[in-house]
Amino acid sequence: MKYNNILVTGGAGFIGSAFVRLLVKNGISPVVVDKLTYAGDLKRLREVKGKFKFYKTDICSKIGIGSIFAKEKPDILVHFAAESHVDRSINDATPFVETNIKGTQVLLDASRKHKVQKFIFISTDEVYGEIANGKFNENSPIKPNSPYAASKAAADLLVQAYIRTNNFPAIIIRPSNNYGPWQYPEKLIPLAILRILGEGKVPVYGKGLNVREWLYVDDCVRGIMMIMRKGKIGETYNLGSSYESKNIDTIKLLLKTLGVGQDRFEFVKDRLGHDIRYSLNSRKVAKKLGWKPNIKLSQGLKLTVDWSLKNQSWLKSKLKDINKLYHKE
Ligand code: NAD
Ligand code: TDX
């Protein structure tokens, strides 16, 4: 199979753009489809300008997607596009149902019609729900809790249904919490950095005891690339780092990395329905494909802080939107 005709949805987003940059580094010029919502930003792709083709299109548009597929004839589709923030889904689930569920169905049908050879669906660890002890493997039941997670789970199940019913050539990937350069500062780590840069305090939900498994974005997209190349059609792969940390410990490590006082956080009202812990068993991708994470949490935070200090103006350009989201205005 040749890998030249790759279509990436959500390629102007945080993880999708890291994947596009990696493709270009590997000599591949992809087609990028992105609606450029509040979360999409072509600045993330400026270092690979001219090395990809771009369509500003909503994945929910059957006509728009149909004409792109007819023109570009992709062999492989890597589907990142989504509404991705849990807090926003609690405020309003509408765009989550639209983009994450309907948008995925539009892409599945276009891919069937145009005989796409591989459909890589970027799902999430959140589809399993929370786990106090132990780890989720790929056969654990789907039991999502937030509207975001429920919409991703619906899409994940739709992909599974197409695999089973139509022998559709899809692979599902479920990554754990990503962090790194270019992440929109609504998510914990870049939000914390933005607050510190603005002389404020980091808002920690509840008592900060919720645990997340932190995966540096470069490790994630390298894993996605390996699965795209060598993963087995019809299979699901967890993609987690095993670097688990309570939010309060993550924030204290981040404050240390930023070189500011350990008191620069405040406990705030907890997120509704807040999942206590996510934890993935990622032995399958390690054993079958030889993937393992390269970047430890402490290293990844250092890389993220260094990048953020150099790119403060980009982070600060999102401040107005973030203050609106978190009712600071
Ligand atoms: P992001 O919010 O940074 O980017 C999403 C991108 O999708 C944006 O560029 C946005 O403009 C685009 N988009 C949104 N709606 C669209 C639509 N209707 N049509 C076309 N484009 C649209 O998200 P991210 O953090 O990069 O996440 C990428 C994918 O990975 C998502 O599917 C998410 O569910 C999944 N995921 C993310 C994480 C994480 O920690 N960030 C972890 C596991 C899985
Ligand atoms: O201000 C905050 N304070 C805080 O304590 C924010 C924004 C978050 N938190 C907590 C909530 C979570 O326990 O930090 C943890 C991480 O929060 P987010 O960055 O919002 O990520 P999470 O809710 O864990 O979901 C993420 O991982 C899975 C991504 O946003 C999803 O897209 C992905 O699927």
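Student: Let me start with one residue. Is T304 buried or exposed?

Tutor: Keep in mind that this is a predicted model. To judge burial, look at relative accessible area, where under 20% counts as buried. T304 has a relative accessible area of 3%, so T304 is buried.

Student: Where does T304 sit?

Tutor: T304 belongs to helix α10, residues 297–310.

Student: Which residues is T304 in contact with, beyond its neighbours within four places in sequence?

Tutor: For T304 the contacts are Y179, G180, I189, I193 and Y216. Distance along the chain is another thing to check. T304 and P185 are 119 residues apart along the chain, yet their C-alpha atoms are separated by 12 Å.

Student: Now take Q299. Is Q299 buried, partly exposed or exposed?

Tutor: Q299 also lies in helix α10. Its relative accessible area is 40%.

Student: What does the side chain of Q299 reach?

Tutor: The side chain of Q299 comes to 2.8 Å from the backbone nitrogen of K296.

Student: Let me turn to cores. What should I expect?

Tutor: In soluble globular proteins, nonpolar side chains tend to be buried together. Here the largest nonpolar core has 36 residues. The residues with the most contacts inside this core are F19, V78, I224, M228 and L239.

Student: Which elements give two or more residues to this core?

Tutor: The helices are α1 (14–25), α7 (217–230) and α9 (283–289). The strands are β1 (6–9), β4 (76–79), β5 (118–122), β6 (170–175) and β11 (236–239). There is also a second, separate core of 31 residues, which includes W182, V204, Y205 and L301.

Student: How do I read a helix such as α1?

Tutor: Check its length, then its surroundings. At 1.5 Å a residue, the 12 residues of α1 should span 16 Å. The end C-alpha atoms of α1 are 17 Å apart, which agrees.

Student: How many residues of α1 are buried?

Tutor: The count is 11 of the 12, so α1 is largely enclosed by the rest of the structure. Among the buried residues are F14, F19, R21 and L22. The cover over the buried residues of α1 includes β1, β2 (31–34), β4, β7 (178–179) and α7. Look also just after α1, where G27 takes a positive phi of about 80°.

Student: Where is G11 found?

Tutor: G11 is in the loop between β1 and α1. Its relative accessible area is 0%, so G11 is buried. Leaving aside neighbours within four places in sequence, G11 has contacts including G16, S17, V20 and L45. V32 is another contact of G11. The C-alpha atoms of G11 and V32 are separated by 5.5 Å, though the two are 21 residues apart along the chain.

Student: Now polar contacts. Which side chains does D87 pair with?

Tutor: Look for pairs of N or O atoms within 3.5 Å. The side chain of D87 has a polar contact of 2.7 Å with the side chain of Y205. Another, also listed at 2.7 Å, joins D87 to the side chain of R271. D87 lies in helix α3. With a relative accessible area of 10%, D87 is buried.

Student: What about the ligand? Which residues come nearest to ligand 2?

Tutor: Start with the shell of residues around the molecule. Ligand 2 has 23 residues around it, and T124, E126, Y148, R271 and H274 come nearest. Then look at atom pairs. A polar side-chain atom of T124 lies 2.7 Å from an oxygen atom of ligand 2. A polar side-chain atom of H274 is likewise 2.7 Å from a ligand 2 oxygen. From S84, a backbone N or O atom lies 2.8 Å from an oxygen atom of ligand 2.

Student: How much of ligand 2 does the protein bury?

Tutor: Taken alone, ligand 2 exposes 650 Å², and the protein buries 94% of that. The elements giving two or more residues to the shell are α3 (86–91), α6 (188–197) and β8 (202–205). The largest share, three residues, comes from β8.

Terms used. Residues numbered from 1 in each chain as written. Chains lettered and ligands numbered in written order. Predicted model: local features only at pLDDT ≥ 70, side-chain atom pairs only at ≥ 80, totals over all residues. Heavy atoms only, no water. Core = buried A, V, L, I, M, F, W, Y, C linked by side-chain atoms within 4.5 Å. Buried < 20%, exposed > 50% of the residue type's maximum accessible area, 1.4 Å probe, protein only. Helix = DSSP H or I, 4+ residues; strand = E, 2+ residues; numbered from the N terminus. Expected span 1.5 Å × (residues − 1). Contact = heavy atoms within 4.5 Å. Near = heavy atom within 4 Å. Polar contact = N/O pair within 3.5 Å; in protein donor to acceptor, adjacent residues only side chain to side chain. Areas by Shrake-Rupley, 256 points an atom, 1.4 Å probe, with all protein chains shown as cover.
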